[in-house]
Amino acid sequence: MSEKKEVYQPNPEFAKNARVKSMDEYRALVQSSEDDYEGFWGKMALEKLSWRRPFTSVLDESKAPFYRWFDEGELNVSEQCIDRHLKHSKNKTAILFEADNGESRAITYLELYRGVNKMANLIKDKYGIQKGDRVIIYMPMIPEAAFAMLACARVGAIHSVVFGGFSAEALRDRIEDTEASLIITADGAFRKGKPYMLKPAVDKALQMGCLSVKNVCVVKRNFEPIEIVEGRDTIYNDLIDNISSECEAEAMQSEDPLFLLYTSGSTGKPKGVKHSSAGYILWAQMTMEWVFDVKDNDTFWCTADIGWITGHTYIIYGPLAMGATTLMFEGVPTYPDAGRAWSIVQKHRVNQFYTAPTAIRMLHKVGESEPAKYDLSSLKVLGTVGEPIDPPAWKWYYEVVGGSRCSIVDTYWQTETGGHVISPLPGATPIKPGCATLPLPGIDAQILDESGNRCATNQGGKLCIVKPWPSMIRGVWGDDDRFISSYFSDIIKDGKSVYFTGDGAVYDEDGYITITGRVDDVVNVSGHRLGTAEIEAAINKSDKVAEVAAVGRAHEIKGESLFAFVVLKQSRAEDEKLKINTILKQEIGAFATCDDIVFVEALPKTRSGKIMRRILKSIAKGEKITQDISTLEDSSVVQNIIDIVANN
Ligand code: WT7
C-alpha cells in the first residue's frame, strides 16, 4: 500500500487561467474555511446564489444530525439554473443533445426556460401537482427528462428519478415509498440503433400496487406502440404546444427538499436520500467551477445517466446553475463503434469529459487506439467517478485520451454528499494515478480510527466528514432512525457523531487520501451501487432457495462483480442458475445479475447464526483462508465450499 506513486503536475498553461491556480491558493481557501466555517459558507452562498429573500443564519446544529443551512432564505432552484442566465445568455446553448443516431440538437437557455415552464404548467394545471408533492421521473436520456426535473423544482414538487435500467418491481418499490401521485415517463428511446421501451414497466408497476399514482405523463420519443390507460395516461406531445411558457416559480425555503434519490445500503431496502434546495445547488455550482473549471464557451460532458446522482449534479443542476453548456447523450459510447465517445468529443469540441472507471476500462479494452483517430485537442479536464480507478486505466486516460496535457480529476463523492468532496483541483493539485488526493475547501473529510482519532500515514481507517456541509443528505425519506443509524452511529469524535461514508481510506506520505473501497456490504458493479442484502432478498424470493449469501469480487472491467453462494431447498435444480439471474432482472434490473452463482450445501455461520461473509469474500476472490474459523458452528462447511467453487 505504501509503494510510491508517480506525481503529475498541472499543465502550467491551464493553471494560468484556472479559478484556483496553485496549491497556495488551494491552501488559502482551506484556511479561510477553517478560520471561520460559517463565514466561509455564508459568503459563498451570498456570492453564488440569487436569493429572493436572504437567509438569517448559516448553519443550525441544534437538531444534529438533522442540520439546517441558510434558514429563512428563499429561492427557487429552477431560477438559479435558468432565469438568472437569461439576461446575458439567453441564446447560449444550455443543453446539447446528442441522439443515439448521431443527430444533435442545441437547446438554448431561452428554449430551456420555455420547455421547463411549459412542463411546470402542465404538471401544475393538468395533474394538480403542488409544493411538496412527489413526482417519479422514469425517463431516458432526452432533454424532456431535464425539463421534468426542473419543472418539479419550479413548482416545488420533490422529484425522484428512477434509473431506466430498474425493473418494474424496483420502480414499484420506489413509487410506493415516495407515495408519488404523478409519474413522468417516455414510451422509450433508442439504444444502439434500436428502440427500447420504458412505458411497459410503468404499466406493470402500477398493476402491482402504487395506489397513490393518479396520472402518468408519457413523452413520445421512439413512437413505438404503447398501451394507454384512459383517465390515467396522457401524452405530453399532444398537450405541450398549447400550454403557456410562463410559469411563476414557487418561493422555496432553503431546506425544502429538492429531490429524493434511492440508493443501496446494507439492508435489503433502498434508502430515499433526501437533498435540500439551497445547500445542494450551492455546492453543485461551486464544484462545477472549482473541479471542472468550466469556462464561458466550454462544453461539458458527463456520461452518467440522470437516474444516478452524478447525472443529477453534473448533467443537470451543476452545469445549469453556473450557466454552462451541458452535453446529454442518449446512446452508448461503443455504438456504432468503439470510437463513438471520441467522435462526440471531436464533433462538439468537448472541453471537460467526465466518466466512470468501468467505462474507461471498457473503452480501453475495445478500442485502445481509437482516441488517436479523433481530434481530442479541445479536452482540458478529464474526470473519473464512482469507484477507485486502477493506475493502468488512469494512465491510458491521462496519456492516450488526454494527450498527457489534461488534468485528471478523480472525484470522490456519494449520493449522500450531493457533490464532490475529495478531488484534485485541475489547475492546482499535483495528481497521482488512482488517488482522489485532498478534501475540497470547506469539506472536513478525515480518515479516522474506531475511536475517532485521525489516522497516521499508511494506517487505513474509516473515511468520515467531521463537520456538516451544505450539500449533505438531509435524511432518509420516511425513516429518521435509519438516517442516524446508517450515517451517524459509527464514529464519535470529540463527543460528537460524525458522518461516516461507508468507505475505507488511507493517507499517503503527502497527506493524500486514497479510497480503498466500501467497508460495509455494498458492492460497486460497473459504478452501480448495490447492497448485497438487496441482492439476497431478491434471490430469496425463489421458492427453491433456502438461503443465499452474495458478495463482491474483483472484476477486470466492472470493478466488482456479484458472486452468490446459494443453498437450495431440495437437490440441485439444473436451470436454477439461470433462474436466479432472471429473478434479479425482474426484481432489480439487468445490471444487478450475478456473474458467479454456486450451489453449496451450507453457508459458514457463527454459533449465533451470523453468516461469515469475510470468508465467502475470500473464497470468491480465490484467496487462501487466513481468518480464524474456529468460531464457526461447523468449520467443515468452508472446505466443502472451497471444493465446490474449485470444481465449478
Ligand atoms: C460510492 C458512492 C458519487 C457518484 C457516483 C457513485 C464509490 C465514488 C469514487 C472515487 C473511489 C469512489 C465509493 C462511494 N466512489 N467515487 N473517485 N474513488 N471510490 O455514487 O452510487 O452513491 O456510490 O462510490 O465507494 O461510497 P454512489
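Start by selecting α13: its buried residues pack against α12 (340-348), β18 (352-355), β19, α14 (391-401) and β30 (559-568). The helix covers residues 357-366, and its buried residues are P357, T358, A359, I360, R361 and L363. Buried means under 20% relative accessible area, exposed over 50%, and partly exposed in between, with a 1.4 Å probe and protein chains only. Contact here means heavy atoms within 4.5 Å.

This is a predicted model: local features need pLDDT of at least 70, side-chain atom pairs count only at pLDDT 80 or more, and totals for chains, interfaces and linings use all residues. Residues are numbered from 1 along each chain as its sequence is written, and side-chain values use heavy atoms, with hydrogens and water left out. Element names follow DSSP runs numbered from the N terminus: helices are H or I with at least four residues, strands E with at least two.

**Stop 1: the seven-stranded sheet**

Colour the strands in the order β5-β4-β17-β16-β18-β19-β20. They form an open sheet with mixed pairing. Two strands pair if DSSP finds at least two bridges between them. From one strand to the next, the twist averages 20°. Angles run from 0 to 180 degrees between N-to-C directions, with axes fitted to C-alpha atoms, for helices over the stretch in contact.

Zoom in on β19 (residues 381-385). β19 and β20 pair in the parallel sense over five bridges. L382 faces I408 of β20 across that pairing.

**Stop 2: the ligand**

Which residues are closest to the ligand? Select D410, T411, T415, D503 and R529; 17 residues surround the ligand in total. A residue counts if one of its heavy atoms lies within 4 Å.

Now show the polar contacts, which are pairs of N or O atoms within 3.5 Å; within protein, one must be able to donate a hydrogen and the other to accept it, and residues adjacent in sequence count only if both atoms are side-chain atoms.

- D503: an N or O atom of its side chain is 2.5 Å from a ligand oxygen.
- P388: a polar backbone atom is 3.4 Å from a ligand nitrogen.
- R529: a polar side-chain atom is 2.6 Å from a ligand oxygen.

The protein covers 95% of the 550 Å² of accessible area that the ligand has on its own. Areas come from the Shrake-Rupley method with a 1.4 Å probe; for residues, only the protein chains shown count as cover. The elements giving two or more residues to the shell are α11 (309-321), β20 and β26.

**Stop 3: a hairpin**

Select β25 (residues 496-507) and β26 (residues 513-518), antiparallel over five bridges. Five residues separate the two strands of this hairpin, and G511 in the turn has a positive phi of about 80°. G504 stands opposite G517 in β26.

**Stop 4: the eight-stranded sheet**

Its order is β12-β11-β8-β6-β7-β14-β15-β23, open and with mixed pairing. The edge strands are β12 (233-235) and β23 (475-476). Helix α11 packs on this sheet, touching β7 (158-161), β14 (257-263) and β15 (271-276), and its direction makes about 145° with that of β14.

**Stop 5**

Pick M288 in α10 (residues 278-292). Is M288 buried or exposed? M288 is buried, because its relative accessible area is 0%. Beyond neighbours within four places in sequence, M288 contacts D293, V294, F300, Y314, G318, P319 and M322.

Finish at E536 in α16 (residues 532-539). E536 counts as buried because its relative accessibility is 10%. Not counting residues up to four places away in sequence, E536 touches V548, A549, A550 and R613.
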